[in-house]
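Subject: Structure handover

Hello,

Here is the structure for you to look through. My notes on what was found in it follow below.

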Amino acid sequence: MEQKILERPAGAAEDWTIPQDWTSYTADEHAMWDHLFDRQAAMLPGRVVPEFMDGLDVLRMTKPGIPDFEELSERLYKLTGWQVVAVPGLVPDRLFFEHLANRRFVAGRFIRRPDQIDYLQEPDIFHDVFGHVPLLANPVFADYMQAYGEGGLRADGLGAIDNLARLYWYTVEFGLIRQGGDLKLYGAGIVSSYGESVFALDDPSPNRIGFDLRRLMRTRYKIDDYQQSYFVIDSFEDLLRQTVENDFAPLYRELESQSDLAPADLLDSDTVIHQGTQAYNRTKELP
Ligand code: PHE
Ligand code: FE
């Protein structure tokens with residue numbers, strides 16, 4: 001996906017950050033956060049990695065209302081050196097990577113409207129903050145996110161952002177992990193979605209495939225529906241090791257001569273944890 005040239009919105013700083021302007025949230029907006037929060041917090045224990053629940057706890061995200069980024073960043077900074085900063089919307093790739101490389105997580109400041117409770121394509125503050133921030137309190141995951149930012153700057157120079165973006169998608173956004181024989185959720189796109197928190201783990205439709213860096217970087221993804229394949233890591237340590245200790249430059253070059261894989265494809269070389277029926281998708285493809 002070539003990113004179209006984005007123009008810096010009026011009022012945004014050179015690095016595209018804006019003030020969160022926390023005091024301007026309305027009571028309805030805070031209530032929307034609480035509603036979304038309560039629904040996920042009731043459903044996630046036992047489904048999500050315990051590290052995520054620990055993050056909510058140590059960051060005091062369990063207290064009601066939309067989090068104030070200043071307060072949140074203060075707690076987070078003490079734990080792992082990360083901060084949360086507000087941006088008006090999508091930021092250019094290089095800036096996004098630069099923020100990550102400097103341990104700044106960019107988050108939208110707006111919250112979804114009542115008619116968007118179950119689905120919106122654009123990330124709002126609930127996705128960005130509830131979904132992403134708790135794991136930034138985990139030292140290993142925090143290191144992975146920074147390394148990803150540095151890797152992004154490098155990939156940009158090598159013309160390989162599309163391949164690297166798939167790694168973000170299938171780990172940071174839609175990753176599953178195996179812990180003590182059970183599959184658990186950790187991807188922000190899943191844990192911030194009521195429907196996908198069930199689908200990703202329990203539904204027979206999607207594939208669940210053992211993490212394989214090279215394979216995953218060939219795999220296209222859907223941005224407007226539940227995923228057709230999820231990739232399962234063994235641990236955050238393993239994910240960090242495999243990505244940091246690997247020089248991606250030769251990998252990118254190799255991938256140039258290989259065809260992309262469709263989201264639902266399975267290969268003989270895959271470690272198939274669950275072979276999806278893809279029944280969910282078939283219902284969608286009917287006329
Ligand atoms: N090792 C990768 C490279 O050589 C950088 C990277 C690290 C990318 C961690 C993603 C995550 O480009
Ligand atoms: Fe996200």
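The largest cavity has Gly-131, His-132, Leu-135, Phe-141, Val-172, Tyr-186 and Ala-188 as its lining. A cavity here is a set of points, on a 1 Å grid over the protein atoms alone, where a 1.4 Å probe fits but cannot get out, and lining residues have an atom within 4 Å of a point. Its volume is about 30 Å³, where a volume is the space filled by probe spheres set on the points, joined across faces, edges and corners. The count is 1 cavity of 30 Å³ or more. Helix 5 (residues 125–136) gives the largest share of this lining, 3 residues; helices are DSSP runs (H or I, at least four residues), numbered from the N terminus. By class, the lining has 5 nonpolar, 2 polar and no charged residues.

Two remarks on the source. This is a predicted model, in which local features need pLDDT of at least 70 and side-chain atom pairs count only at pLDDT 80 or more, while totals for chains, interfaces and linings use all residues. Residues are numbered from 1 along each chain as its sequence is written, chains are lettered from A and ligands numbered from 1 in the order in which they are written, and side-chain values use heavy atoms, with hydrogens and water left out.

Next, the ligand. The residues around ligand 1 include Tyr-144, Arg-154, Thr-243, Asn-246 and Phe-248 (a heavy atom within 4 Å). A polar side-chain atom of Arg-154 is 2.4 Å from an oxygen atom of ligand 1. Helix 6 supplies the largest share of the shell, 5 residues.

Last, the aromatic rings. There are 21 aromatic pairs (ring centres within 6.5 Å). Phe-52 and Phe-130 form one that is edge-to-face, 5.4 Å centre to centre with 70 degrees between the planes (over 60 degrees counts as edge-to-face). Phe-52 lies in helix 2 (residues 50–58) and Phe-130 in helix 5, so this pair ties together parts 78 residues apart in sequence.

Regards

Key. 1 Å grid on protein atoms, 1.4 Å probe; cavity = no way out; pocket = protein on both sides within 12 Å on 5 of 7 lines; lining within 4 Å. Helix = DSSP H or I, 4+ residues; strand = E, 2+ residues; numbered from the N terminus. Nonpolar A, V, L, I, M, F, W, Y, C, P; charged D, E, K, R; others polar. Polar contact = N/O pair within 3.5 Å; in protein donor to acceptor, adjacent residues only side chain to side chain. Phe/Tyr/Trp six-rings, centres within 6.5 Å; stacked < 30°, edge-to-face > 60°.
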